[in-house]
Amino acid sequence: MAFEEDLDAALTRAFEQATSLYQGRGFQRRVGFGSRPALINVDLANAWTRPGNPFTCEKIDDQIIPGVQALLAACRRNGHPVVHVTTCYQVTDETEAATDMGLWHHKIPIEVVDQSKPELWAIDSRIEPVKGEQVLIKKRASAFHGTYLAGFLRANNVDTILVTGVTASACVRTTLCDGLAEGFRTIAVKECIGDRVPGAVAWNLFDIDAKFADVEPLERCISYLDEVGAKSRAAA
């Protein structure tokens, strides 16, 4: 605990200095909310949300799952698109030429999320998809890389993506980076993004907010989803 408190204090001091530098150079601009949102939940599947796995993340039970449940409720009552993203592989034998793991397994143990073990890559039952919500399987860090996500969003006239999930340092970050590059307004939901090691969430959210997305609090995101929903109903 003392270590994490010291780390938080050190990061706060670093962020204060970095904010001055960034703002002086024109960073930390706002992309803002648009008029047609979608929720993208990244890798909130059992291998990341349940204990005892190589990919298990922190603050899942007490913060991330309850926050995503609230976001899902807001999307469902307002009819906003939802995409649940997970990761798995068909050929986890790295000696096979036909493996779909690429070279990522040389860095992390992605072979554990074998497609034959749906109990690991299935979306956590506490935020289980309902009819009409997409479940998208990716092979790389970004939810956009090699998937139909951008096309699906454009077909639904989405201009804003609210991104949750794990990890801040990898799959969430790259999804936000690619989302902005694809022309979507990118919103990182602060309380609904996690990681495995101390400091990773704080540092990555600070840096993401400076360059690739607006980091917004959960309550503001829920209010936005309801505001857009109310406008859509009024216009109907």
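Predicted model: local features only at pLDDT ≥ 70, side-chain atom pairs only at ≥ 80, totals over all residues.
**A tour of the salt bridges and an acidic patch**

Start by selecting aspartate 214 and arginine 30, whose side chains meet in a salt bridge, 3.7 Å from N to O. This pair ties together distant parts of the chain: aspartate 214 sits in strand β6 (residues 214–216), arginine 30 in the loop between α1 and β1 (37–42), and 184 residues separate the two.

Next, pick arginine 50 and aspartate 124, another salt bridge, with N to O at 3.1 Å. Here too distant parts of the chain are linked, 74 residues apart: arginine 50 comes from the loop between α2 (46–49) and α3 (60–78), aspartate 124 from the loop between α4 (118–121) and β3 (134–138). Is aspartate 124 buried or exposed? It's buried, with a relative accessible area of 0%. Arginine 50 is partly exposed at 28%, and arginine 126 is partly exposed at 28%. Bring in Asp61 and you have a salt-bridge network of Arg50, Asp61, Asp124 and Arg126. The structure holds 13 salt bridges.

Then colour residues 38–215, where UniProt (unreviewed entry) places the feature "domain: Isochorismatase-like". That stretch is 32% helix and 20% strand, and its end C-alpha atoms lie 16 Å apart.

Finish with Glu4, Glu5, Asp6, Asp8 and Glu58, which form a negative surface patch. Aspartate 6 is in helix α1 (residues 2–24) and counts as exposed because its relative accessibility is 55%.

Key
Residues numbered from 1 in each chain as written. Heavy atoms only, no water. Patch = residues over 30% accessible without salt bridge, like charges linked within 9 Å, V, L, I, M, F, W, Y side chains within 5 Å. Areas by Shrake-Rupley, 256 points an atom, 1.4 Å probe, with all protein chains shown as cover. Salt bridge = Lys/Arg side-chain N within 4 Å of Asp/Glu carboxyl O. Lys, Arg positive; Asp, Glu negative; His and termini not counted. Charge placed at Lys NZ, Arg CZ, Asp CG, Glu CD. Helix = DSSP H or I, 4+ residues; strand = E, 2+ residues; numbered from the N terminus. Buried < 20%, exposed > 50% of the residue type's maximum accessible area, 1.4 Å probe, protein only. UniProt positions renumbered as here; feature names shortened; annotations may be inferred.
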